[in-house]
Amino acid sequence: QVLLAESGGRLAQPGDSLRLSCAASGRIYSSHFMGWFRQGPGKEREFVAGIRWGTGKGYYAESVKDRFTISRSTAENTVDLQMNSLKVDDTAVYYCALNRGGYATSPTTFDPWGQGTQVTVSS
């Protein structure tokens, strides 16, 4: 069984950088896909970025492309999300999640999920 735990969220100012980390306990296979999602106040949970565990290829939502970078460490079983040039609209609870079936962006296809970490961007 895989358990996920996010960390790194905090209060930031517009333009700041933050690095979120997701630690996975349990075996992650090369065919798996790890995703970062976020849910802002009054909004639906949305895909932010994902990475193929085996190849390390990353995928991004248009809203974060060129600002966010996803990476993974197979040795440490972690998935990080480097967030640069933060905007107020990036304010949300950020979750990491696992998809055993490979690339996907719909939250319904991911399981399990971490508990989330709060990112607040405000001046």
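This is a predicted model: local features need pLDDT of at least 70, side-chain atom pairs count only at pLDDT 80 or more; totals for chains, interfaces and linings use all residues.
**Exercise 1.** Work out in which order the elements of the chain run, and how its radius of gyration sits against the globule rule.

*Solution.* Start at the N terminus and walk along: the elements go β-β-β-β-β-β-β-β-β-β. Next, take the radius of gyration, which is 13 Å. The globule rule gives 14 Å for 123 residues, and the two values are close, so the chain is as compact as a globular protein of that length. For the outline, the C-alpha atoms fill a box of roughly 40 × 25 × 25 Å along the principal axes.

**Exercise 2.** Find what share of the residues is buried, and what share of the contacts joins residues at least 24 apart.

*Solution.* Go for burial to begin with: 45% of the 123 residues count as buried. Then take the contacts between residues at least 6 apart in sequence; 56% of these join residues at least 24 apart.

**Exercise 3.** Decide whether T117 is buried or exposed, and describe its surroundings.

*Solution.* Locate the residue: T117 sits in strand β10, which covers residues 117-121. Its relative accessibility is 10%; the cut-off for buried is under 20%, so T117 counts as buried. Leaving out residues up to four places away in sequence, T117 touches E6, S7, G8, G9, L20, A92, V93 and Y94. Finish with G9: its backbone nitrogen lies 3.0 Å from a polar atom of the T117 side chain.

Technical notes:
Residues are numbered from 1 along each chain as its sequence is written. Side-chain values use heavy atoms; hydrogens and water are left out. Helices (H or I, at least four residues) and strands (E, at least two) are DSSP runs, numbered from the N terminus. The radius of gyration is taken over C-alpha atoms; the globule rule is 2.2 Å times the number of residues to the power 0.38. Buried means under 20% relative accessible area, exposed over 50%, partly exposed in between (1.4 Å probe, protein chains only). Contact means heavy atoms within 4.5 Å. A polar contact is a pair of N or O atoms within 3.5 Å; within protein, one must be able to donate a hydrogen and the other to accept it, and residues adjacent in sequence count only if both atoms are side-chain atoms.
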